[in-house]
Amino acid sequence: MPRLRPILAALTTGVLLLAACAGDDAPDATTDLEVTGTDALEFEPDSFAVPAGQEVTVRFTAEEAVEHDLVIEGAAMHGMVGEEGHGDHDDHAMEGDDLHVAHADAGQTVTATFMIDEPGSYEVYCSVPGHREAGMVATLTVVAEG
Ligand SMILES: [Cu+2]
């Protein structure tokens, strides 16, 4: 099989190129986020970035059929959340070490603010029962200001 080797080399190159492109996908840090919780129990987008130590505004929308919320795991001790965004769920503003940023009823858009001081990668999840288990997670990168 003398012709097999070049084909394998080409395949390998293609995989490496794909990996490189995926690495370039990292979102730019912004203080103005727009996130949707879909009826398919996903965050859209599922990766976003904010600057450390700055107030971030997030408009969080739940699609028409299912309520969602947006919780940042392990961020409570590194950050704070504004007063809006919880609807009638103020009592859930903190869930242990996690920062509860927003809750949207089905078909609703809420605006919330939050700030995280500690740069790093945080897991975002929806704490509506069953949603996180169904894969409703996203990645938040908090970027140190240069
Ligand atoms: Cu959800």
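**Strands, core and confidence**

Modeller: Strand 5 and strand 8 are antiparallel partners, joined over five bridges. Two strands count as a pair if DSSP finds at least two bridges between them. Strands are DSSP runs of E with at least two residues, helices are runs of H or I with at least four, and both are numbered from the N terminus. Please bear in mind that this is a predicted model, in which local features need pLDDT of at least 70 and side-chain atom pairs count only at pLDDT 80 or more, while totals for chains, interfaces and linings use all residues. Residue numbers start from 1 along each chain as its sequence is written.

Colleague: Which residue in strand 8 does Ile 72 stand opposite?

Modeller: Ile 72 faces Leu 99 there. Ile 72 also has a bridge partner in strand 10, namely Val 124. Strand 5 and strand 10 pair in the antiparallel sense too, over two bridges.

Colleague: Why is strand 5 described as largely enclosed?

Modeller: Strand 5 is largely enclosed by the rest of the structure because five of its five residues are buried. A residue is buried if 20 or more other C-beta atoms lie within 10 Å of its own, exposed if 12 or fewer do, and partly exposed in between, with C-beta atoms placed from the backbone. His 68, Leu 70 and Ile 72 form one covered side of strand 5, and Asp 69 and Val 71 form the other. In the chain as a whole, 27% of the 146 residues are buried.

Colleague: What about strand 11: which residues are on its covered face?

Modeller: Ala 138, Leu 140 and Val 142 lie on the covered face of strand 11, whereas Val 137, Thr 139, Thr 141 and Val 143 lie on the uncovered one. In a regular strand, side chains alternate between the two faces of the sheet.

Colleague: And how many bridges join strand 3 to strand 11?

Modeller: There are five, and strand 3 and strand 11 run parallel. Val 50 and Val 142 are bridge partners. Strand 10 pairs with strand 11 in the antiparallel sense over six bridges, and there Tyr 122 has Leu 140 as its partner.

Colleague: Is Ala 138 buried or exposed?

Modeller: Ala 138 is buried, because 20 other C-beta atoms lie within 10 Å of its own. Apart from neighbours within four places in sequence, Ala 138 is in contact with Phe 43, Asp 46, Ser 47 and Val 124. Contact here requires that the two C-beta atoms, placed from the backbone, lie within 7 Å. Ala 138 and Pro 45 are 93 residues apart in sequence, yet their C-alpha atoms are 7.8 Å apart in space.

Colleague: Where is Pro 45 found?

Modeller: Pro 45 is in the loop between strand 2 and strand 3. The peptide bond from Glu 44 to Pro 45 is cis, with omega near 0°. Most residues other than glycine have a negative phi, and most peptide bonds are trans.

Colleague: New topic: which residues have the most contacts inside the largest nonpolar core?

Modeller: They are Val 101 and Val 124, in a core of 31 residues. Strand 9 gives the most to this core, with five residues. A nonpolar core is a set of buried Ala, Val, Leu, Ile, Met, Phe, Trp, Tyr and Cys residues joined through C-beta atoms within 7 Å.

Colleague: What is the order of the open sheet of five strands?

Modeller: The order is 2-1-4-9-6, with mixed pairing. Strand 2 and strand 6 are the edge strands, each pairing on one side only. Strand 4 and strand 9 run antiparallel and are joined by six bridges, with Val 58 and Ala 112 as one of the partnered pairs.

Colleague: Lastly, what is the mean pLDDT of the chain?

Modeller: The mean is 84, and 73% of the residues reach 70 or more; pLDDT is the predictor's confidence in each residue, from 0 to 100. Over residues 15–24 the pLDDT stays under 50, and the model has zero contacts beyond four places in sequence for them. Residues 87–93 are also below 50, but that stretch has nine contacts beyond near neighbours in sequence.
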